[in-house]
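Please look over the sequence and the structure below.

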Amino acid sequence: MLSGWFEACLTGSRQLPPIRPARRYGRLLQVTGLTLQVVGCPLQLGQRCLVETQDEPLEAEAVGFDRQFTYLMPLVPVHGLHPGARVWAPEQAPGLLLGDHLLGRVVDGLLRPLDGQPLPQTGTRVAWQGQSPNPLLRRPVTEPLNVGVRAINALLTPGKGQRLGLFAGSGVGKSMLLGMMTRYTSAQIVIVGLIGERGREVREFIEQALGAEGRRRAVVVAAPADQSPLLRLRAAELCHRLAEYYRDAGHDVLLLMDSLTRYAQAQREIGLAIGEPPATRGYPPSVFSLLTRLVERAGNGVSPQGSLTAFYTVLAEGDDQLDPIADAARAILDGHLVLSRRLAEQGHYPAIDINASVSRVMPQLVSAEQLARATRLRQLLARYQQVRELLPLGGYQPGHDSELDEAVRRYPELASFLRQGLHDAYDLAASQQALEALLA
């Protein structure tokens, strides 16, 4: 290249050949767990880089620094590293190509296809990072959203742009409930994020819970538990970037992310690896900051068209509702649905504990009569729970409290109303009419 440049100077040519800028390399000093310590390569936080290995270069990302040292976290499994390996920053990625061609596809956290088919190089190019709208310009939640589940539509009515948590332990039917909402919702686009799940469950959710009907209008972003914590973080952020894109295009979007707890655990792994001090139950402070930042990206935008409604599953360890992530999520979300293991063991699906659940925007979405009926059903369920354990022992004697007698007498009808088959769908109108007929 330089010889061509000198030749052009000697011949007096006005058009000089381009000179490729020099690339600056750093060196790998140390590998500790999942953290790579590098010196000599100027990188910004969040910037991608490549690390030399015996085979293909290893893709990593800058997650911290200490004076002249930069800490990297690999995006793929680590193998073939050696002391002194070269580290360099490639050309910046041009962004994401998003469009309707992604509907029905399964991708990973870097928008790489997982379903065996290539992605067409078409669509609209957008930046990787999205921004939360100005809270004073964001459109309020004023319209209900049908999710196809009678108990939720009638008693915990969600709104377009609301953010709710689905609090559950393991094995209580949260995946089946998410699949029902995906298939039966009135939202035009569904984004499903499977973050930190077992690899076996990813395929089962796509084929059984989601099904062909739900997959046609859905984009699935999967980052199983065996992938790096950084890739799990990127998958959760990609879910929100996709949902933001379709919302800003004027669509009603339903975002289902399973789970918010795995996202927090991924950030805990990264934070502890780079030396961040642990706080509540081993979670460093950055976890709670990132949770708020992620959730605030969901919701309505500034445009009068389009909405983004989000459901986040929160895994309560040992069904402990005071888990720090569950407690933090409850404070930053607009409502929560609690799945009860007791109901699931009784064969009651969906196992929603109505009295422990709440939708904070429901009063502004439904009529006063509908709200009164929902409150009345809650009251009857609460009164029944007061004597539930006494009934098998014969400790309850009717005739002393008319409301309690009514709750015990009508409980089978109430429980039947709250149950729903996996292949049954109820829209908003049908759910409200069924509740009105039940309490007539």
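A search of the whole structure finds 4 aromatic pairs, where rings of Phe, Tyr and Trp (its six-membered ring) pair if their centres lie within 6.5 Å, and planes under 30 degrees apart count as stacked, over 60 as edge-to-face and the rest as tilted. One of them is the edge-to-face pair of Tyr 25 and Trp 88, at 5.7 Å centre to centre with 70° between the planes. Tyr 25 lies in the loop between α1 (2-11) and β1 (26-32) and Trp 88 in strand β6 (residues 86-88), so the pair ties together parts that are 63 residues apart in sequence. Helices (H or I, at least four residues) and strands (E, at least two) are DSSP runs, numbered from the N terminus.

The model is predicted: local features need pLDDT of at least 70, side-chain atom pairs count only at pLDDT 80 or more, and totals for chains, interfaces and linings use all residues. Residues are numbered from 1 along each chain as its sequence is written, and side-chain values use heavy atoms, with hydrogens and water left out.

Arg 268 lies over the face of Tyr 283, at 4.2 Å from the ring centre. The charged end of Arg 150 sits over the ring of Tyr 426, 4.4 Å from its centre. For this, CZ of Arg or NZ of Lys must be within 6 Å of the ring centre and within 35 degrees of the ring normal.

An open sheet of mixed pairing is formed by 8 strands, in the order β8-β12-β11-β13-β14-β10-β15-β16; two strands pair if DSSP finds at least two bridges between them. Its edge strands, β8 (106-107) and β16 (358-359), each pair on one side only.
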